[in-house]
Amino acid sequence: MKPSRLIIFLPLLAMACISQNQNETAPVEDPDIRIAFYNVENLFDTKDDPATEDEEFLPAGPKQWTEERYQQKLKNLAAVVAGLDYPEMIGLAEIENQQVLQDLVDHETLANYSYDIVHFDSPDARGIDVALLYRSTFFSPFLTQAFKVTFDSGGYQTRDILEVSGILGEDKEEGINTLTVLVNHWPSRRGGMAASEPRRIAAATRARALVDELLTVDPNANIILMGDFNDEPDNRSMLTTLEAKGDPAVLDDNDLFNPMYALKEQGKGSYLFRGQWDMLDQIMLSQALFKAEKNKSDFHYKEGSATIFSQEWLLQQEGKYQGYPLRTYGGNEYLGGYSDHLPVYIELEATK
């Protein structure tokens, strides 16, 4: 058993050929707590769900999604978790249901690491959801719930925001070590960034309301907001609506701190689109997790720990898309890779 620590995954982007100096080193050895997020890109089983639009990922569908390919996807994702040194907490996006999560944590690579699951089915038309995996030896949830995001125009459905509150650390003492994690997957940019922006503003409004509710109950609440936001740290949904900023010196009382902002300013990102890295996958913190005067828990944000997990084996090594994240499919062509996103993470360390 490794030392007490917690890890939360966020999708991280890295690359070799496109001029970008991503973090390509292995995770810091023996961190206190690592918290990560990963958009795993279409983790579907091979069974038809009549309630969702999952026909693309069936054996007879256009992608010929077979049991063999499904098992390879599980193996690949388990390898990413292992490469990240078996994080204690991982937020995931684009998973179909509870069963694919169970199959993942039961994979031989992960089976001995005490992963438990928090998941709710969301109203997304394709049936893809968010979830949280956590190592039960390091985190004990006492509240789990999902919140819908609604829109002015009817008919559009998106992923719920998942809320998980629990006690962090091996010595689980309720109160000072209570942590709330909000896992997000906001509407995509399909149809164009400007045309789709109101939907992300609506998701940001809902997420901000959840943060405000938590801070009203406890102004020193430990909150982590993670996800694939389909917007970057300097977009309006993040800066203005969510009130997440990258400079601790300019934070108002209830603003969130976004350590991914600095990565964006360095030209880094978690998703590569038309040769440009976009920082879509992010992890943000309430001020209690990094400001000494607000910090009441045994843990705080480890300065400079925000990282995009970029490894050579996660990237395409040749061809037109050399340096892009190695995904499972290119169109309907099976590539046998991992995801079109890279994982991201932050670390918490023990408060002195």
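A salt bridge here is a side-chain nitrogen of Lys or Arg within 4 Å of a carboxyl oxygen of Asp or Glu. Arginine 327 and aspartate 340 meet that rule, with their side chains 3.7 Å apart, N to O. Welcome to a predicted model, in which local features need pLDDT of at least 70, side-chain atom pairs count only at pLDDT 80 or more, and totals for chains, interfaces and linings use all residues. Residues are numbered from 1 along each chain as its sequence is written, and side-chain values use heavy atoms, leaving out hydrogens and water.

**Salt bridges**

- The structure holds 16 salt bridges.
- The pair of arginine 327 and aspartate 340 links distant parts of the chain, 13 residues apart. Arginine 327 sits in the loop between strand 16 (307-308) and strand 17 (329-330), while aspartate 340 sits in the loop between strand 18 (333-334) and strand 19 (344-350). Strands are DSSP runs of E with at least two residues, and helices are runs of H or I with at least four, numbered from the N terminus.
- How exposed or buried are these two partners? Arginine 327 is partly exposed, with a relative accessible area of 29%, and aspartate 340 is buried at 11%. Buried means under 20% relative accessible area, exposed over 50%, and partly exposed in between (1.4 Å probe, protein chains only).
- Arginine 159 and aspartate 124 form a salt bridge at 2.9 Å, N to O. These partners lie 35 residues apart, in the loop between strand 6 (139-147) and strand 7 (161-168) and the loop between strand 4 and strand 5 (129-135), respectively.
- Aspartate 252 pairs with lysine 245, their closest N and O atoms being 3.9 Å apart. At 48% relative accessibility, aspartate 252 counts as partly exposed.
- Arg34, Lys302 and Glu347 are joined in a network of salt bridges.

**Helix 1**

- Helix 1 (residues 67-83) has 17 residues, which should span 24 Å at 1.5 Å a residue; its end C-alpha atoms are 24 Å apart, in agreement. The expected span is 1.5 Å times one less than the number of residues.
- Its buried residues include Tyr70, Lys73, Leu74 and Leu77.
- Among the elements covering the buried residues of helix 1 are strand 2 (33-43) and helix 2 (98-105), where contact means heavy atoms within 4.5 Å.
- Just after helix 1, aspartate 85 takes a positive phi of about 65°.

**Helix 3**

- Helix 3 (residues 193-217) has 25 residues and reaches 35 Å from its first C-alpha to its last, close to the expected 36 Å.
- A kink of about 25° is centred on arginine 199; the bend at a residue is the angle between axes fitted to the seven residues ending there and the seven starting there.
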